[in-house]
Every structure is written in C-alpha cells, then in structure tokens.
Amino acid sequence: MDAATIIDTLKTLVPGGQYEAGASIDFPTIYVLPEHLVGTCLALRDEPSLRYEAFIEATAVDYLPRVPRFEVVYHLLSVQYRRRLRLKVRVLNAAAADAGVVPTIQGVWRGAGWPEREVWDMFGIVFGGHPDLRRLLMPEDWEGHPARKDYPVQIQKSAQTYSPLEVSQDQFRANLERDRVKRGRG
Amino acid sequence: MSTPEIRTETMTVNMGPQHPSTHGVLRLVLELDGEVIQSAASTIGYLHTGIEKTAEQKKWQQVIPLVERMDYLAAQSNSLSYAMCVEKLLGLEMPQRVKDIRVLLAELQRLASHLIWLGTHGMEIGAVSMLFYAVRERELLLNINELIAGFRFFPSYIRIGGLREDLPRAFHETVIAFLDRFPAKMDEFEGLLTKNDIFRRRTEGVGVVSLEDAYSWGLVGPIARAAGSDYDVRKYFPYLGYETYDFKVPTATEGDVYARYRVRIAEMRESIKICRQAIDRITPIGTYACDDTRVVPPPKDRVYSEMEALIQHFLIYSQGFTVPAGDAYVPIEGPRGEHGCYVVSDGTNRPWRVKMRPPSFMAIQALPSIIQGGLIADVVAVIGSNDVVMGDCDR
C-alpha cells in the first residue's frame, strides 16, 4: 500500500484532513498537520484496512536553518498487514504557545508518552495535552535542549546541586578530625 | 464487640539507582501498601551519554564504535542496524558471504545477550548459580569476538560496506566447537529452571502483559511473542537473507514472566540452528566487503603498489564518504525486540541525525503499569524478564 492510497483512505475518515506524501526510500511517508494528528492516528489504528496497531517510536529532527525548522517523526507498524508507515509533522516554532505545537498521541498508543518526553527534553518541542512533560534523560534543572543543532557540543558545565554545600574548608577539616577521634584511631 | 480501628498508611520505597537487580542504574519509586504496589514511577537518564549528539560530529564510519556502546550487551545489534541503515541510504547491496557472516554474528550476539539475561534473571529470583553457568558460556562467545576483532565487548567488526577484514584462521573451528558444546549446556540450564517448582511459583501468573498492551506500549519483541504475537522482524520483514534459513519463531500465550522465559529459551535453541546453517554457508576465505570503492578502501597490497589505490585509501580515511540526502529506518530483530536505526543524511560526510529505537526504553516505560497491583518481590522478576539494559535505554 503506497502513500497515495493511505492518504485517500485517511481523507475519507478524517474530516478536513490535509496530507502530503513525503519522499522516502524505504516505506511510505506522510506529512500531517498538527491539528489533524490525533484523528489521523486514531484512524490509522482502528480502520480495518490500515490497522497500525503497534507504536514503534517517535523522534524529531532539527533541520536548522531551514524553515520550518523541526520535524517530529513517528514510526508505526501494522503487524496484521506487515506494513510500516512514517508520519511526519512539521513544527514551525517549537516554543510557540503553552497549548503546545504538536498534540500528544498518548491517547492512541500509550507507548508514545516517553518518546514525546524525550523529544521535549532534547528538542524543546512542546506536546499539547501531555500529562507529564518533564525532563527524561537530562537532569531536571538542565538548561537548554541539547539535541538542537544550535546547542554547543563541547561545553564545560559544572554539576548543579539544589542546596550548596555550606561548610568551609576549616570546618571540613575539623569535622574530619572529629570523626577520626570518634573512631578512636587517633 | 467493637473492632479496633486499624490505621494503615502507604510507604514510599526507593529502589535503585544502585540496587543490584535493576540492571544498571534504573530508579524506581514504589508506593507500597504492605507488600502490594499501589503505584510506581521510574526515573531514567543516569547513563545518558549523548551518543546520538556525538554521532552527529563524527564521520559515517566513525559512528560504529559509538552506537555499539548503547546496548552494551548486544553491541553488534546496534552496529548491524546502523550499518544496514546507511547502506540503504547509499544503495549498497552486500555480497552473499557478508550477509551470512552478519547473520552468524547477529545470532551469536543474541545468544550472548540471552545468556546474560538468563544468568541475571535466575540470580534475581534466587537461583544464584545460574549466573556462573551462563557467564561461563558467554565467555566462549566473547572469545569469538576477540578472535575476529581483538575486542571482546565492542568488536566494531561490522562496518558500513561489509566487514572490517576477513575471518581469522581458526574461526570455523572455534564457532563449531561452541555450537557442539552449547546444546547440552542449554539442557543443563533448562534442567535447573524450567521445571523448578520454586522458579515456576515465582514466575507463573506474574507480570502479565496482554497482546494489545504490548503493541500499544511498543513492546514488539520477546515480550509481545510471549503474549501471543508471532511478530519477528526476521520473518515479517526479512533482511540479510533470513528467509532462506530454516527456523521457527517461538511463541507463548500467557504473557507472564514464565512465558517470556520459555520464549527466550526457545529462541536460543533456534539461534543455534541458524548459526549451524550460517557457518555451513560461510567459506573460510572470501569476500568480506562490497566492491564499492567510494566506501570500502582498496586492499593493502594495492595501496602499497598503486598510486590511485593509495589516494583512495587516504581519501576514505581522511574525508570519509558522503551519503545521499534522505532518511531511512532499518529495523532488525535484536535480542530485546525490534532494534531499529533511523538515520537522516544531508548529503555530507557526517550524519545529520542518528536515532536508535531502544527496546529497553519502551520496556521500562511500560514497567510501572506491569508491576502495579503486584507484590514487591515480583518487581525484580518483571524487570529481569523484560530484559532491560540501561545503556540502551538512556543512550
């Protein structure tokens, strides 16, 4: 089943859905608008002639300096029909609104939760309606989104702690001495 | 008579990140009501090393040692999927001998990874001696890695365009000696666990994953096969000529820890069958790379005698090669499930983006929902049966 057939099927299922077939060398690629993403995913999962029941992964690519800069990529699998599908969503401005630029598809495939968190962590793309959009791989107080192309590669960052160590050098030595005496090995 | 009021409150317990049975550095926060898990939350990222970002700074061939360090128990699954993905972008077709050697290496890698799973899974449930027996057999597989590449864990033997060099002299003897010895050892392992009453009581009916849940969570691989799926990339989307090998895809329907154990054990026996067929097809000496001179450097004797070969050699090792712009996703059946690699090229000599599809990541994501409502003692059984590797998860 090629991209054009899938698009024709989707257009009958998703009212007002606009799709575009993307260039690809392995399996069909379809560009989806963010506002149609959830409806499209539900149709892809439930339509008997499509049945993409398994979620494979979600990731993003930063095409700096191209506009639109980001693309969120979803890989889906239909075990029943032995088919794969790639969905792409173009993201104009990652930090646009609080409502999110791409809706979460956790309601369709539960496995999308962490990959979306990782994409936010690494690229700063906000997923609207995500119940738990926190840092996943980076520490919680990390600044910036490291997988972006404009994020420097070799930087020195000191470890951040929530409460600074409030012991002076002299106190530290005194504590060591105190413990040594306590252990009775002095 | 009035019953005295019993006051209960839940207890929050931190499990990990240094707990020995969490396979690396996984941290679980469990909320317990007695011994029953009310809720669980997992924290990952302790082993995040930014390999995908680093890969964008390297030339195409230099990425191989990096991706091998992701899933460190199945190093050659990573490099195989990455190399096949770049070869797809380049439009390269491998010679038959290279495909057969890659199949053999992939299956030996599956055995090595499953042996560590078997040892640690048994150990965590109380069969401590399993680890010693399993690691001892894995040692022989590491010796094979050492033989082909000099490295035991991360051989970097699979390269874009083929293999690094031809097989060493004693390769066939070593592999056949292992394959002759190993089935008896499998019987020994199974004799210790499969009908062991304690093991079965700890694993049967524990951590059940339904087929629908497995697909929804993206747990394609042994976890879905233990729940009734027969999805195996080697059968559904054959690569490297797997369709010409005679092997079965083991399945079970219960979806519990014991079913996953049986599926993996049966997979190891099938892997031995594939290895036997592959080693019969591989000639001791022959081609070990494709003939595309853009990617594969010329043989050393020509480099020393011909000007053009020397130039080609120098270009490949200094500038690398370029890959046509585009993107590709190539999945292989890794030991932990579908191990995919998504590569984006912008047409230069460095990858624009490398993304591995980590099966452990998906398994840990689903973990809280699997262990919820179960007993705290079952947590280690479930983690072990999901076979997670934190290097694969955090990357």
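**Before you start**

Residues are numbered from 1 along each chain as its sequence is written, and chains are lettered from A, with ligands numbered from 1, in the order in which they are written. Because the model is predicted, local features need pLDDT of at least 70 and side-chain atom pairs count only at pLDDT 80 or more, while totals for chains, interfaces and linings use all residues.

**Stop 1: chain B, whole**

Select chain B. Its secondary structure comes to 16 helices and eight strands. Helices (H or I, at least four residues) and strands (E, at least two) are DSSP runs, numbered from the N terminus. The radius of gyration, taken over C-alpha atoms, is 23 Å for chain B, close to the 21 Å of the globule rule for 395 residues, so the chain is as compact as a globular protein of that length. That rule is 2.2 Å times the number of residues to the power 0.38. The C-alpha trace spans about 100 × 45 × 35 Å along its principal axes.

Colour by burial next. Of the 395 residues of chain B, 50% count as buried. A residue is buried if 20 or more other C-beta atoms lie within 10 Å of its own, exposed if 12 or fewer, and partly exposed in between, with C-beta atoms placed from the backbone.

Now contacts: two residues are in contact if their C-beta atoms, placed from the backbone, lie within 7 Å. Among contacts in chain B between residues at least 6 apart in sequence, 67% join residues at least 24 apart.

**Stop 2: the largest nonpolar core**

Select A:Val72, A:Ile125, B:Val86 and B:Leu219. These have the most contacts inside the largest nonpolar core, which has 161 residues. Such a core is a set of buried Ala, Val, Leu, Ile, Met, Phe, Trp, Tyr and Cys residues joined through C-beta atoms within 7 Å. Helix α4 of chain B (residues 96-125) gives the most to this core, with 13 residues.

Centre on B:Val86. Leaving out residues up to four places away in sequence, B:Val86 touches B:Trp60, B:Ile160, B:Val323 and B:Val343.

**Stop 3**

Strand β6(B), residues 326-334, is mostly covered, with eight of its nine residues buried. Nine bridges join β6(B) to β7(B), residues 337-345, and the two run antiparallel. Strands count as paired if DSSP finds at least two bridges between them. A hairpin joins β6(B) to β7(B) through two residues. Look across the pair: B:Pro331 stands opposite B:Gly340.

**Stop 3: B:Ser156**

Go to the loop between α5 (129-149) and β4 (158-159) of chain B, where B:Ser156 lies. B:Ser156 is not a glycine, yet its phi is positive, about 50°. B:Ser156 counts as partly exposed, with 19 C-beta neighbours inside 10 Å.

**Stop 4: the sheet of chain A**

Move to chain A. Five strands form an open sheet in the order β1-β2-β5-β4-β3, with mixed pairing. The edge strands are β1 (19-22) and β3, each pairing on one side only. Neighbouring strands are turned by 25° against each other on average, direction ignored. Axes here are lines fitted to C-alpha atoms, for helices over the stretch in contact, and angles run from 0 to 180 degrees between N-to-C directions.

Select β2(A), residues 29-32. β2(A) and β5(A) pair in the parallel sense over four bridges. A:Thr29 stands opposite A:Arg86, and the bridge partner of A:Tyr31 is A:Lys88.

β4(A) and β5(A) pair in the antiparallel sense over nine bridges, with A:Leu76 partnered by A:Leu85. The two strands form a hairpin with four residues between them. A:Arg82 in the turn has a positive phi of about 55°. A:Arg82 is exposed, with 11 other C-beta atoms within 10 Å.

**Stop 5: a cis bond**

Zoom to the loop between β3 (54-62) and β4 (70-78) of chain A, which holds A:Pro65. The peptide bond from A:Leu64 to A:Pro65 is cis, with omega near 5°. Most peptide bonds are trans.

**Stop 6: where the chains touch**
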